[in-house]
Amino acid sequence: MTAASRGPEGFAEFVRDRYPALVRHGAILTGDPGHGEDLAQEALVKTYRAWHRLHPDGNPEAYTRRVMVRAAWRAGRRLWRREVPTEAPPERAGTDPYDGTDTAHMVFQALRSLPAQQRVVLVLRYWGGRSEQEIAAELGCSVGTVKSRVSRAVAALRRVGGPLLDALVPTEVR
């Protein structure tokens, strides 16, 4: 394989080193591992195109994550979500006996139940540790929008249950 076929200098190494973390970030943002991987791949295409601006002095991971957050935010505005209802549900591979007790699985299910824009601001606020002002600037919306999305997401999680809320949101927010 020639250097030209591998892409710009450093890009292949960046993807190799950071791809699993980017896919996890995408899965949290979208509520689905498959869509999270798609989101990461789409963001990496945009990172590839901007690589000459990002390497070696820029922060390609921050750029990629920002692209992912904005794409997940925009996906919440779309009416069509690429899913087509069927007459009968698909077959399940089997049930996991630990599904009801696995906190990580329950957290993932709760996040999946939130609308995309609520999920995005909740992930940025509590997993990303960003302030409401930083989130608003990144998403191009008002601070009030961020506050209302977080408030609605927390209210929805309250309806799911107390132990799960403990795992998701800091006590002072509830």
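In this predicted model, helix α6 (residues 116-127) and helix α8 (residues 143-160) have axes, that is, lines fitted to C-alpha atoms over the stretch in contact, that come within 8 Å and cross at roughly 95 degrees. That makes α6 roughly perpendicular to α8, a label for angles of 65 to 115 degrees. Helices here are DSSP runs (H or I, at least four residues), numbered from the N terminus. On the α6 side, the contact (heavy atoms within 4.5 Å) includes Val121, Leu122 and Tyr126, and on the α8 side it includes Val150, Ala153 and Leu157.

Leu122 turns up again in the largest nonpolar core, where Leu122 and Leu114 are among the residues with the most contacts. This core has 35 residues, and such a core is a set of buried Ala, Val, Leu, Ile, Met, Phe, Trp, Tyr and Cys residues joined through side-chain atoms within 4.5 Å. Leu114 touches Leu122, Ala153 and Leu157, among others.

Now for the rings. Phe11 and Tyr48 form an edge-to-face aromatic pair, 5.1 Å centre to centre with 75 degrees between the planes; rings pair if their centres lie within 6.5 Å, and planes over 60 degrees apart count as edge-to-face. Phe11 lies in helix α2 and Tyr48 in helix α3, so the pair ties together parts that are 37 residues apart in sequence. Phe11 is buried at 11% relative accessible area, while Tyr48, at 41%, is partly exposed; buried means under 20%, exposed over 50%, and partly exposed in between (1.4 Å probe, protein chains only).

Residues are numbered from 1 along each chain as its sequence is written. Local features need pLDDT of at least 70, side-chain atom pairs count only at pLDDT 80 or more, totals for chains, interfaces and linings use all residues, and side-chain values use heavy atoms, leaving out hydrogens and water.

Definitions and conventions: Axes are lines fitted to C-alpha atoms, for helices over the stretch in contact, and angles run from 0 to 180 degrees between N-to-C directions. Helices (H or I, at least four residues) and strands (E, at least two) are DSSP runs, numbered from the N terminus. Angles under 35 degrees count as roughly parallel, over 145 as roughly antiparallel, 65 to 115 as roughly perpendicular and the rest as oblique. Rings of Phe, Tyr and Trp (its six-membered ring) pair if their centres lie within 6.5 Å; planes under 30 degrees apart count as stacked, over 60 as edge-to-face and the rest as tilted. Lists of a residue's contacts leave out its neighbours within four places in sequence.
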